[in-house]
Amino acid sequence: MTENLNGNLSHEGELAGLRLVPKSDTEYKMKDFKSDQEVRWCPGCGDYAILAAFQSFLPQLGVPRENIVMVSGIGCSSRFPYYLSTYGVHSIHGRAPAIATGLAASRPDLSVWVVTGDGDGLSIGGNHLIHALRRNVNINVLLFNNRIYGLTKGQYSPTSEAGKITKSSPVGSLDHPFNPVSLALGAEASFVARTVDSDRKHLTSVLRAAADHPGASFVEIYQNCPIFNDDAFEPLKDPAARDLRLLRMEHGEPLRLGPDRGVVSGEFGGLEVVDVDSVGEDRLIRHDAHREDPGYAFALSRLDYPAFEHVPIGVFRDVRRPTYDDLLNEQVEDARAERGDGELAALLASGDTWTVD
Amino acid sequence: MAKQIEQLDRVIIRFAGDSGDGMQLTGDRFTQETASFGNDLSTLPNFPAEIRAPAGTLPGVSSFQLHFADHDIMTPGDAPDVLVAMNPAALKANLGDLPRGATIIVNTDEFTKRSLAKVGYAVDPLTDGTLDAFKVSAVGLTSMTVAALADSDISKKDAQRAKNMFALGLLSWMYNRPTEGTTSFLKSKFASKPDILAANLTAFQAGWNFGETTEDFAVSYEIKPARLPAGTYRNITGNLATAYGLIAGSQQSGLPLFLGSYPITPASDILHELSRHKRFGVRTFQAEDEIAGVGAALGAAFGGSLGVTTTSGPGMVLKQEAVGLAVMTELPLVIIDVQRAGPSTGMPTKTEQTDLLMALFGRNGESPLPVVAPSSPADCFDAALEATRLAVKYRTPVVVLSDGYLANGSEPWRLPQVSELPVIEPGFATEPNGAGGEFLPYLRDEETLARPWAVPGTAGLEHRIGGIEKHSETGDISYTPDNHDLMVRTRQAKVDAIARDIPELEVSDPTGDAKVLVLGWGGTYGSITAGVRRVRRAGGRVAQAHLRHLNPFPANLGEVLRSYDRVVVPEINLGQLSLLLRGRFLVDVIGYNKVRGLPFKAEELADVLQEVVDRD
């Protein structure tokens, strides 16, 4: 028995999100999930670290390789499926959540993963993303956020900071950015988490928590683009500053930021970062990822202002509600149980008929 | 008093009223009565896109036309013999379509000064001689309905609403229709509202009784059942037949049906119908938009379902990107496009045949796919089933081009024997197909050129597909020039080769020496056939053929076209098939094109054909 990051207790290899997926007899190793394709990201790309973490994580699922499907859209991150030896669809720009929805809803025996980016998932595919989250389809969405368009060579993205100078915004972009975690929470997501490409251990623990969640899970992964937006997350990578800025959320534990600071309730339902000494240890909020009301998780997601002062990572929210695919398949099973399987000849002859001799 | 019964061989009735007057329901019930009596029939509902347009206005008029006969008929009829007008707007909007001598039954209660003024009648047309050329029956439909329900507990407003049942009762008497179907329909529809049920039954009976007793209607009519081929029949609309055809495709292939769809006029009824049939393993997904509808269907197809999406023109435009992905990934997918008048929003409830070129060419790159078109409401069943067969056998998206007229129109359908429906073999890949024991997802079947369909969950066949050009065997990303050229040509060759798997074009030419051919496609079959019959009855020689397959064309199409001196191609567009025929076969066909949102009339096509025949 192990405790996951989201506070769920589970037996090794028995993840709640994989309830209907067959168990594997094979003891997989990381190499079993590497495809024979040459990886074609730029040198130094954060995607390499995520891929390696993911490949080494997949054996933990404990399901047959053939029951795992990777679905992606368009963009650098969306090349991901080619580098894994599972089933995969490298689809069209922004549509991966829709394609994955059809697949997951019709095949509950599959573990379906969507790999997307800030442009693919939040700009051209924003509509599909929010609807997949609210429906709670049993898919895992990994959104690699590098805050720039990489594959089209460096235009600002929906998560780029306002005023960003890029090829398409030579005097500064006018767009106010999305906070992907806030957006997912607003879209009624039942599981929302954030992690960073450079922290393999944390990344793996978040992936595991996502797989353990029945229904749609949304994971924002801060990912560095060394070519077009290098050091976008530098404030979080410098070892000295990192621990003062990263708020590592663990279910049931007090929310602490470095040795001196912590999170307490603020005015108007918000949260505040304060010196622990000034309020006392007891006032610190103990993180509760299972709160039904998304207000608390939303307040956590807003702590990241001004940018990178204090950045929560880990699981913001993990609540249970019926999944779309379960409900859909239940309706089919109920109809069959109540009235039997459909019979074609009877269907065609339903309604008023008459006979001509 | 025993009334006289007159025999007729056919009648065209049009019910017209406000869009809130229940004209579609009235027409539909009269149709069901007529179908169960055994007449051949064809219907044309015509209604505004607005759900409740302002009452009493011309744009708010909703109508339902029904043509029924004691013989085989092809169209809903050119001009009504009988118009039932529930208000001045309905009279004004439809009067121009009536031939001299037609019967008009008007609801006089609605002919008030205010209602008349609303549609620009300064003087009451019932009294100023406007209708002198017609046989007018002025009936107080509303007041008589209210009077019949005087003892009922329902409100006056509810009583007035039952006037359409009074009208239906009256017409049912006039044409000696069986009424049991309507009685049981009302009982089931209003099972939970006994007061409303009683009111509707009373109004229906009162309308019948009024016809039988009043001296205003001296004659009733009888139209004997039609002599149709032996079999069991039901009346069916195009959308219902499409839904049944898709379920049949699922049953005959053993593939669970997954429909991804977004509501759109006039295709929504297919979504509604399929959502009722979960017992057949049908999963319907009402998506957030048209793109997600087709995307989810394609995702389900990757997982081994029969993926289907349904839409109309504006939605078809949005789906094309994903359809292109289906072309590239070579997965089975059925796309139903119920065409409506465009461009843009156009006229949502009106018919058109303007999506042919979009279906064929509306995607980026060389993106071939098969296109099939039903020719009548009942034929939508066969077209949907044929689309499924082609999609599964050739691992390709297939577009079905229905239209608004077929979708909402209805006709008797002789039920097929399920045992005679084609069996569709999915033929999933289960074993590696490479020489070295590897799986090659683009290694093709030599005969069909179809690639293997390996679904997730199949061990050893894990593979990645997508929209990027693929190596011709391994499916790996490939940008090499020769590979792309080969793949573009192979995708085209696969679709072209389907010509070997579809019937040759049949030509009807009773005298065998016609010099003029009329060639149509899709929903115009009925009008063209009726036009051809008229020409032939007048002694004109004209051959007729109709295309079910728009891509690929039947193998003998070029030969057929070249066997005639002149080829006439009527289309409800500005010449889309004509463009294809000229480009493909260098035959200078004569287009006849109208885009009024309505089907062709038999008479206008007869005139056009006669004129071309007379050119000799």
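The secondary structure of chain B comprises 20 helices and 22 strands, where helices (H or I, at least four residues) and strands (E, at least two) are DSSP runs numbered from the N terminus. This is a predicted model, in which local features need pLDDT of at least 70 and side-chain atom pairs count only at pLDDT 80 or more, while totals for chains, interfaces and linings use all residues. Residues are numbered from 1 along each chain as its sequence is written, and chains are lettered from A and ligands numbered from 1 in the order in which they are written.

Along the principal axes, the C-alpha atoms of chain B fill a box of roughly 90 × 65 × 45 Å. Of its 616 residues, 56% are buried, meaning that 20 or more other C-beta atoms, placed from the backbone, lie within 10 Å of the residue's own.

How is chain B divided into domains? The assignment, automatic or from a database, gives domain 1 (4-222), domain 2 (234-420) and domain 3 (516-613). The centres of domain 2 and domain 3 of chain B, taken over C-alpha atoms, are separated by 25 Å. Between these two, 21 residues of domain 2 are in contact with 20 residues of domain 3; contact requires C-beta atoms, placed from the backbone, within 7 Å. On the domain 2 side, α13(B) gives the most, with three residues. By class, that side has 13 nonpolar, five polar and three charged residues. Here Ala, Val, Leu, Ile, Met, Phe, Trp, Tyr, Cys and Pro count as nonpolar, Asp, Glu, Lys and Arg as charged, and the others, Gly among them, as polar.

I turn now to the sheet. Seven strands of chain B form an open, mixed sheet in the order β11-β10-β12-β13-β15-β14-β20, two strands being paired if DSSP finds at least two bridges between them. Its edge strands are β11 (283-286) and β20 (549-551) of chain B, each pairing on one side only. Strands β14(B) and β15(B) run parallel and are joined by two bridges, and B:V372 stands opposite B:V400 in β15(B). Helix α14 (residues 379-394) of chain B lies across β12, β13, β14 and β15 of chain B, at about 170 degrees to β15(B). For such angles, axes are lines fitted to C-alpha atoms, for helices over the stretch in contact, and values run from 0 to 180 degrees between N-to-C directions.

Chain A, in turn, contains 11 helices and 14 strands. Its radius of gyration is 22 Å, close to the 21 Å that the rule gives for 357 residues, so chain A is as compact as a globular protein of that length. Buried residues account for 49% of the 357 residues of chain A.

Which residues link the two chains? In total, 52 residues of chain A are in contact with 58 residues of chain B. The largest share of the chain A side, eight residues, comes from α2(A). That side has 23 nonpolar, 19 polar and 10 charged residues. Strand pairing also crosses between the chains: β14(A) and strand β9 (residues 231-237) of chain B pair in the antiparallel sense over four bridges. There, A:T353 stands opposite B:R234 in β9(B).

Terms used:
The radius of gyration is taken over C-alpha atoms; the globule rule is 2.2 Å times the number of residues to the power 0.38. A residue is buried if 20 or more other C-beta atoms lie within 10 Å of its own, exposed if 12 or fewer, and partly exposed in between; C-beta atoms are placed from the backbone.
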